[in-house]
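This report covers selected local features of one protein chain. The sequence and structure are shown first.

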Amino acid sequence: MWQIIGQGRAVELLKRGLAKGSRAHAFLFVGPPHVGKMALAINLAQALNCEAEERPCGQCLSCQRIAAGKHADVQTMVLPEGDSENEAKTKISVDQIEQLQHSSNLPPFEGKFKVFIINQAEIFSIGAANRLLKTLEEPPPKVVFILLTSDEHRIPATIISRCQRVELLPMPADKIEKALVKERSIYPDKAKLLARLSHGCPGWALNAAVNEGVLQHRTELLEELLTIIGADYETRFDYVAHWTGKQAIPERLSLWLDWGRDLLLGKSGSGADVANVDRLSWLTDLARNQTLAQIREMIDGIQTASVQLRQNANPQLVLEVLMLSMPEHGKNGGKKTKSK
C-alpha cells in the first residue's frame, strides 16, 4: 500500500529496513520538487505506526489519521503558505527546532513512533541546524526524523552524516503517463502532456491533473513568450520592466527552456519527443524559420540568465540581456504571427 508513483528502489530500501527492524532514527530524502518526497515520508510514517501485519495497510485508523494529517504523533514542518518562492529569505528558526525538541522528548501519544517531517531542510538557520544536530546525535527513543530536500548541498555535512540518505530520481515520462491513465483515470492525451511537462516529477503532474489553473497559467506564459518572439526590442524591454521584482521569473525561464529544447528537437527532426505536444504546430512553424545556431543561442541565454539570477545578479539587467538572445519570428523568410 505504498501510495507513491514509481520510486520502487527507494521503497524497497525502506521496506527491507522495516522488515529487519533496523530502521534509522533519521532519514534524508533527496530529490527535485514534486518527485514524491513528501508522499514517501507520509508512507514511512504510516508504516512505522501501522496496526496491520502488512505495513502500511492504508486502511487502519492510524494510517488514515496520518494520511489526513490528524495523527498526534506525526508532525510536518513546512514553510508558511506563499513563501516557497522566497526560500533564500526564509529560514527554519531556532524556535521551531526547540519546539520540535520539546515534543520529541515526550512519549508517543497514540502511535508506536513519533515522526517529524521537515520539508525544505536546506533552509535551516545556522542556529536551528546546530540545535537539530544535537538531537540527531542523541536521538530520543521511539522518534524518527525525516528531512526532505531538493538541494542537499545547502545542508550541513554533519547533519547529512547522521541520516540515512534515500534518493528519489525523476521518472521516465512514459511511466508517469501510464500511471496517470491506469491509477488516476486521466485521459490519455492529457496524461501524455502532463507527463512530458512534469520533468519526471509525478507530483507536479498529479497537481496539474486536478488543478486546471496550472495548465491555464502555462498557456498564458506560452502566449506571452510567443508575443515576445514576435516583438521588437522596445516591447521586450517593457515586459522585463513589468517582471522585475516578481516571484514567477524562475518558473517563466523554466518554461522557456522547455520551449527552446522543443524547438531544437523539432529542428533536428525529433518532433515526436517534444514536451509541449499540444503546441506542436507553433513549434513547427517557429523552428522552420530559425537556424540551429539561433535556437542554441536562445537556450544558452536562458540557462545563463537562470544561473545569474540564482547568484543574485540584477534581475532587470539579466533579463534585458536575455531578450537580445531570444529568436525573432520573421527572420530567414518567416512571417510574424499572433498567438491564438
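A residue is called exposed when its relative accessible area is over 50%, buried when that value is under 20%, and partly exposed in between. The model is predicted.

**Loop residues**

Asparagine 312 has a relative accessible area of 69%, so it is exposed. This residue sits in the loop between H14 and helix H15 (315-325). Asparagine 289, in the loop between helix H13 (280-288) and helix H14 (292-310), has a polar side-chain atom 2.8 Å from the backbone oxygen of aspartate 285.

| Residue | Relative accessible area | Class |
|---|---|---|
| Asparagine 289 | 9% | buried |
| Lysine 142 | 43% | partly exposed |
| Asparagine 312 | 69% | exposed |

The loop between helix H2 (37-49) and helix H3 (61-67) contains proline 56. The peptide bond that joins arginine 55 and proline 56 is cis, with omega about -5 degrees.

**Helix H11**

Which residues of helix H11 (residues 233-243) are buried? They are Arg236, Val240 and Trp243. These residues lie on the same side of H11 because they cover an arc of only 65 degrees around the axis. An α-helix has 3.6 residues a turn, so residues three or four places apart point the same way. Helix H10 (212-229), helix H12 (249-267) and H15 are among the elements that cover the buried residues of H11. On the face turned away from the buried side, H11 carries Glu234, Asp238 and His242, which are exposed.

**Strand E1**

Strand E1 (residues 26-30) is mostly covered, with five of its five residues buried. Ala26, Leu28 and Val30 are on one side, and Phe27 and Phe29 are on the other; both faces are covered.

E1 runs parallel to E4, and five bridges join the two strands. E1 is also parallel to strand E5 (residues 164-167), to which four bridges join it. Leucine 28 takes part in both pairings: its bridge partner in E4 is leucine 147, and its bridge partner in E5 is arginine 165.

Conventions. Residues numbered from 1 in each chain as written. Predicted model: local features only at pLDDT ≥ 70, side-chain atom pairs only at ≥ 80, totals over all residues. Heavy atoms only, no water. Buried < 20%, exposed > 50% of the residue type's maximum accessible area, 1.4 Å probe, protein only. Polar contact = N/O pair within 3.5 Å; in protein donor to acceptor, adjacent residues only side chain to side chain. Arc of directions from axis to C-beta. Contact = heavy atoms within 4.5 Å. Pairing = 2+ DSSP bridges.
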